[in-house]
Amino acid sequence: MSPVVHMMLFQCINFGKEILQEMDGFWQALGRAVGLIVGGDAELIGIVGLSLRVSLGAVAVACLIGLPLGAAVGAFRFPGRAAASVVLNALMGLPPVVVGLVVYLMLSAAGPFGVLGLLYTPAAMTIAQTILVAPIVAALTRQVVEDLDREYAEQFASLGVGPLRRLTALLWDARYALLTVALAGFGRAVAEVGAVMIVGGNIAHATRTMTTAIALETSKGNLELALALGVVLVAIAVAVTGAAMTLRASAARLAYA
Amino acid sequence: MIRRAPVLLLAALLAGAAAAEERFIILQSTTSTRNSGLFDFILPKFRASTGIEARVVAVGTGQAIRNAARGDGDVLLVHDREAEERFVAAGHGGARHDVMYNDFAIVGPAADPARIAGARDAAAALAAIARARAVFASRGDDSGTHKAELRLWRAAGIDPAAHSGTWYRETGSGMGATLNTGVGMGAYVLTDRATWIAFGNKRGHRIAVEGDPRLFNQYGVVAVSKARHPRAKAALARRFVDWILSDEGQAAIASYRVDGQQLFFPNAARRGRVR
Amino acid sequence: MPETALLSARGLAFEAGGGRPVDGVDIDVRAGASVAVMGANGAGKSLLLRLLHGLIAPAAGEVRWRGGPLDRAARRAQAMVFQRPVMLRRSVGANLRFALAARGIAGAERAARQEEAVERARLRGLAHRPARVLSAGEQQRLAVARALACAPELLLLDEPTASLDPASTQAVEALIREARESGVATVTVTHDAGQARRLADELVFLDAGRVAEAGSTAQVLDAPRSEPARAWLEGRLHVGAAR
């Protein structure tokens, strides 16, 4: 065997050992993270709770704004409608860091809304995530409602359905698709780190979420713990989505074909 | 203003909660102090002593100072004396006080391509790194550590910016992220000792250069001026500054240890009793 | 004309893709009348129905309702049933209530009319079922009953049985005949000469967007005077006037 091949082989074996050691550390850390949750560790549960509170709150407010807005763009014909669709679709890609920065400048003591004293609070994080999620909800709602409206339009026109009733009927009849829309928004919110880091400040016991905690542990070099927290975050996202889909399925069995 | 409505709604919703937790201050500080675990150790003691909660926003020194200059914080605890004094001179804060120090070190891969291990002269070591074109990971984020690093390059007579993107890599990130990057690239990194000792992803990296007086790292504290920033909680901030400069606060800093090593050395000038 | 027609169209035209799929149609529907509209595929039957209902705007000509304009109030006196029934993703009862509410029928009256419509469509016991799990025939019965629940003076039907089996077709036709007997005027687009005889006293035969022939159903079907109608009835392909 040539010395080069020998050397490469040696490095491969070493690398394999290293990976195994890393995985060992990861499983230990994951066990620790799960243990903390199951054991009711107040700090981790507080972090998980804040993540859920902020992200679900943002999704709720984003739905209040995005559902009627998206439905209106999807169902009504008005000048600039095509442009509105393009803008909504483009805003889905808003960079969280930019949104965080803009919200920071708005809420900063030196900014226009500084008097509210919201910077470095969960409210500020909810506002930032609302701005990130609302375009997603609005853009996807527009698509869903536009498709449904294509089916309903003539029947509604024939019945003489007014604009408001039309909007609410389309939203209600699209409710199962719109649940998926809300979940897409939740996914964006709960996984986002750039905006909450800037406007929340990642303050322990006050504004630390799962994602900012993961970023913090990574920066401390605690990679296994960071990864374990990541797995916990994914598990929570799966649990929320699963709960929503179960709700949808049982409601659908009752009322929908 | 479509956005104003939800803002006000949320503000109203949170008004009740905010009133209940008025007794806290925002401490604008650095990643090195937070990541080393110092705050987790001393802030509960501060709270026990005064009943005041200190909430830490940990960013680079440059950003911490800019945040405080916008009024987004009550106390500044960072490590860039010149910048702190400019902050005070601009009227954003009251007096600046020395709080504690530790030191910087240059860490590098075990292979030591620039052959600087064991050197005492930090500037000469940087010059050796440049000569060897060995990879160096810089914070590149206007932080206190970044400023200290740039002072060392000046002392070595080298302009690293000219080599940015080749062997000189600016991460634009915090201390921990830069260490992660440096370890991943096999690069030399200038780090504060506290972050390094508490850092969990060292792999083969070790301290190459330490002990140069120019690696001294002084932390200072400034209360944000209420005259300039009316929302600043001046009275509570005053309590924090008094406490951390007091015998009790200084002793708390001195007693924080990781793996048996002291990370920060209190050096406040002797002052009066704590109120 | 001794009485004003319920609905009358004069010179009705519709433009699409540079052509006129409906061009210069005159038609009168008296109160209580039953009219069938026939013609080959692409003759403009469905478009004519939508023009009469005001779902699309004519490029030329106009539709008058009781001598006045075809406004919102006039449209509320009409109802339309589409070839494929459009059912909301709700229960049978909710579909009926939605239509009645859209027509401004108040709560108590709504419940009574819903009950009546379920009965009429012979969907008793299915009121709480999601409308979209019903069979195609049940859905079309519901669609006709929903239209009739709005108490229209004119019922427009666009090939209402085109996708139904014979039994379902019979059931839907029975509903339409009941409506006719109670004095509702009907305009039915159909491809089925037998259905035209069963449902309509008058027949309008369209060819390439124009009225080729109009008269009593029996006369047009038994002794067609126009070439397009003759060709269609004999199963020949008639090439419409080039335009």
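**Close-up views of a predicted model**

View 1. The model shown here and in the views below is predicted.

**View 2. Where the domains of chain B meet.** Domain 1 of chain B brings 20 residues to this contact, and domain 2 of chain B brings 18 residues. On the domain 1 side, α2 (31-35) and α4 (61-69) of chain B each supply at least two residues. The most come from α2(B), with three residues. By class, the side of domain 1 of chain B that touches domain 2 of chain B has 13 polar, five nonpolar and two charged residues.

**View 3. The contact between chains A and B.** Chain A gives 26 residues to the contact and chain B gives 26 residues. On the side of chain A that touches chain B, α5 (122-159) and α9 (210-219) of chain A each supply at least two residues. α5(A) gives the most to that side, with four residues. The classes on the side of chain A that touches chain B are 14 nonpolar, 11 polar and one charged.

**View 4. Strand β8 of chain C and its cover.** Strand β8 (residues 185-189) of chain C is mostly covered, with five of its five residues buried. C:A185, C:V187 and C:V189 point one way from β8(C). C:T186 and C:T188 point the other way. Residues on both faces of β8(C) are buried.

**View 5. The partners of β8(C).** Strand β3 (residues 34-39) of chain C pairs with β8(C) in the parallel sense, over four bridges. Within this pair, C:V35 stands opposite C:V187. Strand β7 (residues 154-158) of chain C also runs parallel to β8(C), joined by five bridges. Here C:L155 stands opposite C:T186.

**View 6. The crossover into β8(C).** From β7(C) the chain passes through helix α6 (residues 166-181) of chain C and on to β8(C). This β-α-β crossover is right-handed.

Methods:
Residues numbered from 1 in each chain as written. Chains lettered and ligands numbered in written order. Predicted model: local features only at pLDDT ≥ 70, side-chain atom pairs only at ≥ 80, totals over all residues. Contact = placed C-beta atoms within 7 Å. Nonpolar A, V, L, I, M, F, W, Y, C, P; charged D, E, K, R; others polar. Buried ≥ 20, exposed ≤ 12 C-beta atoms within 10 Å, placed from the backbone. Pairing = 2+ DSSP bridges. Right-handed = clockwise from strand over helix to strand, strands pointing away.
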